[in-house]
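Open the model in your viewer and keep the selection panel at hand.

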Amino acid sequence: MTLLEGLEKQLREECPALELRKNEPMSKYTTFRVGGPAALMALPRGEEAHKVIETAFRCNVRPFFLGNGSNLLVSDAGYNGFVVKLSEGYNGGEVYTNELMVGGAMLLSQAANLALQNGLTGLEWAAGIPGTVGGAVTMNAGAYGGEIAQTLHQVHALGFDGRFEVLSNRECDFSYRHSALSDGARLILEAVFLLSPGDPDAIRDRMAELAAQRKAKQPLEYPSAGSTFKRPPPVDGKPVYAAELIDRCGLKGLRVGGAQVSEKHAGFIVNMGGAACADILTLMEEVRKRVLDRTGILLEPEVRTLGV
Ligand SMILES: Cc1cc2nc3c(=O)[nH]c(=O)nc-3n(C[C@H](O)[C@H](O)[C@H](O)COP(=O)(O)OP(=O)(O)OC[C@H]3O[C@@H](n4cnc5c(N)ncnc54)[C@H](O)[C@@H]3O)c2cc1C
């Protein structure tokens with residue numbers, strides 16, 4: 001019996017109500033709409049998460065934690081491992097004065113809307129990001145001058161052995177699109193943000209303005225994972241943007257199979273229809289190579305990979 005088969009057996013015995021899926025196509029769970037099957041996937045509700053993580057630890061299986069798959073590229077061959085995606089019980093939120101406590105599976109856009117409904121400012125920038133709170137904390141997601149690190153107060157997580165942990169902002173050790181949770185060793189159950197009272201009309205207007213900017217500049221009509229590459233370090237004190245470099249190298253529209261460097265925003269690779277993971281990876285490598293040859297700058301992927 002393989003470790004995964006052992007885990008499946010234990011979970012079925014010890015957690016009979018748990019939603020467990022075998023050979024689940026990951027293309028259903030990624031915004032690129034790409035990826036072969038995950039051998040085993042659990043979608044725990046409420047207290048089940050603790051049992052799932054603890055059982056995986058006992059069975060010697062390291063889970064991969066999936067959010068909304070909006071920063072994820074999964075191999076065409078799939079992932080011969082165990083994927084855990086939080087389900088009901090982790091997609092709600094509550095407000096205590098200036099504190100917003102939201103589940104790890106809640107969409108970041110919903111968290112921003114909850115802040116708006118409660119007249120709290122500090123998450124307006126997050127409204128158009130299609131990830132979950134768990135994924136956004138892991139990645140220290142950010143946009144338009146805002147980022148998770150600015151208002152995150154605490155993270156409630158399960159360690160690999162199923163132990164409950166509370167991490168402060170400092171312990172999350174945030175940096176650009178990175179945090180102490182990026183190593184995938186903890187499942188983020190909840191996040192607490194410390195926000196400030198604000199004028200609901202001003203908050204709503206700012207969110208609408210940013211949504212309009214996204215719609216105008218980003219190829220939201222095609223599947224993608226947002227910015228493919230991270231912002232490179234500044235050169236001579238001046239900021240450098242991956243999209244600008246790619247555009248300057250004349251790579252807009254460059255295509256491999258169904259994958260294309262967006263004509264609208266060079267920072268995005270889009271799935272024009274039927275793209276394979278291999279197409280996207282080949283295109284990413286080609287872009288990196290040509291940008292390096294022309295500018296001397298090596299682009300680092302922002303998109304994470306699984307099973308590759
Ligand atoms: C159209 C579009 C626009 C985008 N714009 C932006 C933007 O402006 N700014 C920005 O920063 N990003 C942007 N992104 C990228 C993406 O939405 C963010 O990185 C987001 O935070 C990823 O969240 P997710 O839930 O989809 O995570 P996933 O893609 O599912 O996973 C990303 C990482 O987070 C981990 N993870 C997910 N959930 C958990 C959890 N509960 N516990 C522990 N680890 C977890 C995963 O293991 C993985 O390592 C954009 C993407 C798209 C498609």
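**Stop 1: a five-stranded sheet**

Start with the open sheet ordered β6-β7-β13-β11-β12, whose pairing is antiparallel. Helices and strands here are DSSP runs, numbered from the N terminus (H or I over at least four residues for helices, E over at least two for strands). Two strands pair if DSSP finds at least two bridges between them. Go to the edges: β6 and β12 (164-168) each have a single partner strand, so one side of each is left without a neighbour in the sheet. Direction ignored, neighbouring strands in this sheet are turned by 20° against each other on average. Axes are lines fitted to C-alpha atoms, for helices over the stretch in contact, and angles run from 0 to 180 degrees between N-to-C directions.

Before moving on, note what you are looking at. This is a predicted model, in which local features need pLDDT of at least 70 and side-chain atom pairs count only at pLDDT 80 or more, while totals for chains, interfaces and linings use all residues. Residues are numbered from 1 along each chain as its sequence is written.

**Stop 2**

Select 93-96 and 99-103. These are β6 and β7, joined by four bridges in the antiparallel sense. Which residue of β7 is the bridge partner of V95? It is L100. Y96 stands opposite E99 in β7. Two residues lie between the strands of this hairpin, and T97 takes a positive phi near 50°.

**Stop 2: strand β5 and its parallel partners**

Select 79-85, strand β5. Five of its seven residues are buried. Buried means 20 or more other C-beta atoms within 10 Å of the residue's own, exposed means 12 or fewer, and partly exposed lies in between, with C-beta atoms placed from the backbone. Then show β2 (residues 37-42), which runs parallel to β5 and is joined to it by four bridges. Strand β3 (residues 64-66) also runs parallel to β5, with three bridges. Centre on V83 in β5. M41 stands opposite V83, and F64 stands opposite V83 too.

**Stop 4**

Next, show the open sheet ordered β15-β18-β17-β16, with antiparallel pairing. Its edges are β15 (224-227) and β16 (255-256), each with a single partner strand, so one side of each is left without a neighbour in the sheet. Strand β18 (residues 268-271) runs antiparallel to β15, and two bridges join them. Click S227: its bridge partner in β18 is F268.

Which residues of α9 are buried? They are C277, D279, I280, L281, L283, M284, V287 and V291. Their cover includes β4 (72-74), α8 (242-248), β16, β17 and β18. Step just past the helix to G296, which takes a positive phi of about 80°.

**Stop 3: helix α7**

Select 200-217, helix α7, where A216 lies. Buried or exposed? A216 counts as exposed, with 10 C-beta neighbours inside 10 Å. Draw a distance to K264: 48 residues away in sequence, 8.9 Å away in space, C-alpha to C-alpha. A208 is also found in α7. With 12 C-beta neighbours inside 10 Å, A208 counts as exposed. A line from A208 to R288, 80 residues apart along the chain, spans 34 Å between C-alpha atoms.

**Stop 4: the whole chain**

Zoom out and colour by domain: domain 1 (3-85), domain 2 (93-202) and domain 3 (219-306). These bounds come from an automatic or database domain assignment. The centres of domain 2 and domain 3, taken over C-alpha atoms, are 27 Å apart. In the chain, 42% of the 308 residues count as buried.

Definitions and conventions: Contact = placed C-beta atoms within 7 Å.
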